[in-house]
Amino acid sequence: MKRIITVLIAVMTMVTMNSQGLRADERSEEMRLTERQQGLAACACLMAQGDLQRLEPAVKKVLDGGVTINELKEAFSQLYAYTGFPRSLNALGVLNKVLQDHPDAQWQEGKPWTRPALWDDADKALKQGTEVQTRLSGRPFDYTFCPQDDYYLKAHLFGDIFAGDQLSPADREIVTVAALSGLDGVAPQLAAHKQGAVNMGNSQQVVDALCQWLDHEGYTLRSGFPKGEPNTAYARYFRGDSYLAPIQPANLSKDDKTVLPLNNVTFEPGCRNNWHIHHGAHQVLICVSGRGWYQEWGKAPVALLPGTVIDIPEGVKHWHGAQRDSWFQHYTTHVATGGEQSNEWLEPVTDEVYDKLK
């Protein structure tokens, strides 16, 4: 009997350990941003920006990765409520083009689309949409200032649109957060949907990872200027990742030495170069996208915005880079002042200095 009890205890212990291990794996999976979520997010962000050139290869990649055609249709359709019909229709046009250009591709059609029964009952759509909105917001929400929009939100967006069964509520918020991340001037809505993404079934870790991934991959750059290639030659003088795109006038000969070199430098959020000094030249910065900082030694920092031009005197110790929550781009060139030209690279801009900038 004692031996049987011992065996039973051992078996129960193994079962308990295995179930705990499975639960740990499941928790770990819930905390990771999957390739599927990355693909949906990339397409949503590019669609919101109207970047059809980058959207086409992104659509191919996400279809190759197993996202179904009908899931993408649903994502692009839903996002009309956030980005407008023109960009929704343009994205659907890109998807249609990709399908026509690759008739033999083994992409999945997915679950057949069916018309939601909710569409035939306006009262039920309003009731169900109100429940969905309450769950997403974490509390009842009534936009009494504008009853029209209050009804559209409840009955149409969270009722009619959310009634589709191609995407889960969690997936819908992933694509919404990604789309809003690609737009300017929607910070309140983005903040609300980041919390809503958690309320609809995503972990906080996944939402944080989503925003970090969009930043790191440059989807939140929101710029018509080239990002360029990784700035590896000067990486040791930068904290964070930067990118370099040489600018060459189309009608200029590469052998023409009379025109000063012009480069577009792109900084990821939080990236900045070390303190440094230019000898034999002064540097000109022309800010074209995002938000950045410029600071001379011993002086207050200057916020950099598109259209800001900075003329940095020869011999002045300074640094420049992105603000912590924004990509930043500037064109840069140097104007010779006589003598040998060189850059004197100095100490990094410490987190203690950078984190105080507001």
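## Helices α3 and α6

The axes of helix α3 (residues 52-64) and helix α6 (residues 85-101) cross at roughly 55° and come within 10 Å; axes are lines fitted to C-alpha atoms, for helices over the stretch in contact, with angles running from 0 to 180 degrees between N-to-C directions. Helices are DSSP runs (H or I, at least four residues) numbered from the N terminus. The two helices are therefore oblique to each other, given that angles under 35 degrees count as roughly parallel, over 145 as roughly antiparallel, 65 to 115 as roughly perpendicular and the rest as oblique. The crossing of α3 and α6 is right-handed, that is, the near helix is turned clockwise from the far one by less than a right angle.

On the α3 side, the contact (heavy atoms within 4.5 Å) is made by Leu 52, Leu 55, Glu 56, Val 59, Lys 60 and Leu 63. Helix α6 contributes Asn 90, Ala 91, Val 94, Leu 95, Lys 97, Val 98, Leu 99 and Asp 101. These contact residues comprise nine nonpolar, one polar and four charged; Ala, Val, Leu, Ile, Met, Phe, Trp, Tyr, Cys and Pro count as nonpolar, Asp, Glu, Lys and Arg as charged, and the others, Gly among them, as polar.

## Basis of the model

This is a predicted model in which local features need pLDDT of at least 70 and side-chain atom pairs count only at pLDDT 80 or more, while totals for chains, interfaces and linings use all residues. Residues are numbered from 1 along each chain as its sequence is written, and side-chain values use heavy atoms, with hydrogens and water left out.

## Packing of helix α4

Helix α4 (residues 69-78) packs against α6 with the axes 8 Å apart and an angle of about 160°, which makes α4 roughly antiparallel to α6. This crossing is also described as right-handed. Ile 69, Leu 72, Lys 73, Phe 76 and Ser 77 of α4 meet Ser 88, Ala 91, Leu 92, Leu 95 and Leu 99 of α6, a set of seven nonpolar, two polar and one charged.

Helix α2 (residues 35-49) and α4 have axes 10 Å apart at an angle of about 40°, so α2 is oblique to α4. Their crossing is right-handed. Arg 36, Leu 40, Cys 43 and Met 47 of α2 are in contact with Glu 71, Leu 72 and Phe 76 of α4. By class, five are nonpolar, none polar and two charged.

## The largest pocket

The largest pocket holds about 690 Å³ of space. A pocket is an open set of points on a 1 Å grid over the protein atoms alone, where a 1.4 Å probe fits, with protein on both sides within 12 Å along at least five of seven lines; lining residues have an atom within 4 Å of a point. Grid points are joined across faces, edges and corners, and the volume is the space filled by probe spheres set on them.

Of the 22 lining residues, Phe 141, Leu 153, Phe 158, Gln 189 and His 193 are the closest to the pocket centre. Helices α5 (80-83), α7 (122-137), α8 (147-160) and α10 (187-199) each supply at least two residues of the lining, and α8 gives the largest share, six residues. The lining has 14 nonpolar, six polar and two charged residues.
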